[in-house]
Amino acid sequence: MDNGVCPSLFPLHRSKTIHLVRHAQGIHNVDGDKNYKAFMSPEYFDAHLTQLGWQQVDNLRKHVHSSGLIKNIDLVITSPLLRTIQTAVGVFGGEAYSDRMDILPLMVTNAGNSDRSAISSLDCPPIVAVELCREHLGVHPCDKRRSISEYQSLFPAVDFSLIESDDDVLWKADVRETKDEVAARGMNFMNWLFTRREKEIAIVTHSGFLFHTLAAFGNEFHPLVKKEISSHFANCELRSMVILDRGMVGSHCSSTNFPGKIPSGLDSPSDVAADGKKQEKESPNSLHRD
């Protein structure tokens, strides 16, 4: 190549396309964005979406359907907090749910003071809750989750099986995670993604988690690229990225790989085979059989 730029080659199964989504506007954002101290208010415990937030969900839902993105997503991962689960099921879930359906709904009617009809789990990617992508842990009541059993009653078809404790044992009233701890948790989450077989994954999470994770994730990038990927997300913003598993964390092989040599037999590179034949012709001790 004349321009001196060489493409990097990685096995197909060592890359994933991820669609990062910050939750829609929560009730804590209204006052908290004006005054940071408002995040300390107990009334914002596990904050739910505002009506404006649900309008943001509707607009993003239209986008993922009109762009065809919904057809490509193999899995949706959500932080197990009310505002992120509401955003995940609202954007990536099925249509309206009817009691006549023989499947579980993703969300029951008016879940989390949503004033919304039930949402079906039909014809949508699976949605899984994962603790690793939660918001900055500790001190702020809006970042403390409910019990998993309570969420399961509100979101019956969401998969909570990866969460070990029913109660929130990660959030502490008097200890707030450091920025470095959030970033380290984010990197663990990114590494965990490569243990999944799904190729295209949507992740519904939080502003602080996204900012600190992407800032750490982009340390090897050009400063302009790092600035672009780690800038703060707006409510219900979606950004799509491709990530490469340079650390070879993923252990599974691509489903399209084929081992070759079936059936097995002698196999040499063409230049080695040609040299061997040439030497055979030139050797005076070569044996010839009729």
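Helices (H or I, at least four residues) and strands (E, at least two) are DSSP runs, numbered from the N terminus. This is a predicted model, where local features need pLDDT of at least 70, side-chain atom pairs count only at pLDDT 80 or more, and totals for chains, interfaces and linings use all residues. Residues are numbered from 1 along each chain as its sequence is written, and side-chain values use heavy atoms, with hydrogens and water left out.

Q: Where is Ser79 placed?
A: Ser79 sits in the loop between β2 (75-78) and α4 (82-92).

Q: Why is Ser79 called buried?
A: Buried means under 20% relative accessible area, exposed over 50%, partly exposed in between (1.4 Å probe, protein chains only). Ser79 comes in at 0% relative accessibility, so it counts as buried.

Q: What makes a polar contact with the side chain of Ser79?
A: The side chain of His206 does, at 2.8 Å. The cut-off is a pair of N or O atoms within 3.5 Å; within protein, one must be able to donate a hydrogen and the other to accept it, and residues adjacent in sequence count only if both atoms are side-chain atoms.

Q: What is Val139 in contact with, leaving aside its neighbours within four places in sequence?
A: Contact means heavy atoms within 4.5 Å. Val139's partners on that basis include Met40, Trp171 and Ala173. The C-alpha atoms of Val139 and Ala173 are separated by 4.5 Å, though the two are 34 residues apart along the chain. Val139 itself lies in the loop between β5 (127-129) and α5 (148-154).
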